[in-house]
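Dear colleague,

Please find below the structure that I am handing over to you. My notes on what was found in it follow directly after.

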Amino acid sequence: WKARQTDTGRETHGQHRTMKYLAAYMLLSLGGNEAPTKEDVTTLLSGSGIEVEAKELDFMFTKIEGKTVKELIAEGKSRLVSIGGGGGGAAAGGAGGAGGAGAAEEEKKEEEEEEEVDV
C-alpha cells in the first residue's frame, strides 16, 4: 500500500486510512452479516458520526474482494507474526502472593477449630 499526501501535508498509508472501514466490516460480520456491503459499512460508520470517504471504502473492498472473514483474520495473524509483538504483562508483586498465603493459613486454623468443636 502506497503512502499518500494528505491536506495537512502529512503522509499516510492507505492501510491506516482504511482500517476504520475494515473494522466496521468485521463488526458487521461478527454481528451476523456474512457479507457486509459498502452501504452496510457506510450506515454503521455514519451512524457513529464517522465520515466515510467513498474512494477509501472502495479501495478497502477491492482488497478484500473474494475473501472470507476467516481468510482475512488468518492473513492478518500472519502479518502480526512477521512484525513481532511486545513483551508479556507485568509480573505479580511478591507482597500480593504472601497476603493470599496468610489468608489460607487463617482459614485452615478456623476449620481445625470447627472440627474440634464437632467432635
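In which helix is L44 found? L44 is found in helix α3, which covers residues 38-47; helices (H or I, at least four residues) and strands (E, at least two) are DSSP runs, numbered from the N terminus.

Please note that this is a predicted model, in which local features need pLDDT of at least 70 and side-chain atom pairs count only at pLDDT 80 or more, while totals for chains, interfaces and linings use all residues. Residues are numbered from 1 along each chain as its sequence is written, and side-chain values use heavy atoms, with hydrogens and water left out.

Overall organisation

The secondary structure comes to six helices and two strands, and along the sequence these follow the pattern β-β-α-α-α-α-α-α. The protein has 119 residues, of which 16% count as buried; buried means under 20% relative accessible area, exposed over 50%, and partly exposed in between (1.4 Å probe, protein chains only). The protein exposes about 9300 Å², and carbon and sulfur atoms supply 54% of this area. Accessible areas come from the Shrake-Rupley method with a 1.4 Å probe, and for residues only the protein chains shown count as cover. Among contacts (heavy atoms within 4.5 Å) between residues at least 6 apart in sequence, 42% join residues at least 24 apart.

In soluble globular proteins, nonpolar side chains tend to be buried together. The largest nonpolar core here has 12 residues: Y21, A24, Y25, M26, L28, V41, L45, L57, M60, F61, I64 and L72. Helices α2, α3 and α4 (54-64) each supply at least two residues of this core, and α2 gives the most, with five residues. A nonpolar core is defined as a set of buried Ala, Val, Leu, Ile, Met, Phe, Trp, Tyr and Cys residues joined through side-chain atoms within 4.5 Å.

The buried residues of α4 are E56, L57, M60, F61 and I64. Seen down the axis of α4, these residues fall within an arc of 135°, so they line one face of the helix; the arc is that of the directions from the helix axis to the C-beta atoms. The face of α4 turned away from its buried side carries the exposed residues A54 and K55. Not counting residues up to four places away in sequence, L57 touches Y21, K38, V41, T42 and V52. Just after α4, G66 takes a positive phi of about 80°.

S29 is found in helix α2 (residues 19-30). With a relative accessible area of 16%, S29 is buried. Leaving aside neighbours within four places in sequence, S29 is in contact with P36 and V69.

On the surface, L27, L30 and L44 form a nonpolar patch, with about 320 Å² of accessible area together. Patches are made of residues with over 30% relative accessible area and no salt bridge, where like charges are joined within 9 Å and nonpolar side chains (Val, Leu, Ile, Met, Phe, Trp, Tyr) within 5 Å. L44 has a relative accessible area of 31% and is therefore partly exposed.

Salt bridges

Side chains of opposite charge can pair when their charged atoms come close. A salt bridge is taken as a side-chain nitrogen of Lys or Arg within 4 Å of a carboxyl oxygen of Asp or Glu, and by this rule the count comes to three.

One of them pairs K38 with D58, the closest N and O atoms being 2.9 Å apart. This pair links distant parts of the chain, with K38 in helix α3 and D58 in helix α4, 20 residues apart. K38 counts as partly exposed at 32% relative accessibility, and D58 is partly exposed at 33%.

E75 forms a salt bridge with K67, with the closest N and O atoms 3.1 Å apart. E75 also forms a salt bridge with R79, where the corresponding distance is 3.4 Å. E75 and R79 are separated by about one helical turn because they are four residues apart in helix α5 (residues 69-83). Salt bridges that share partners join K67, E75 and R79 into one network. Its members are partly exposed: K67 at 30% relative accessibility, E75 at 28% and R79 at 47%.

With kind regards
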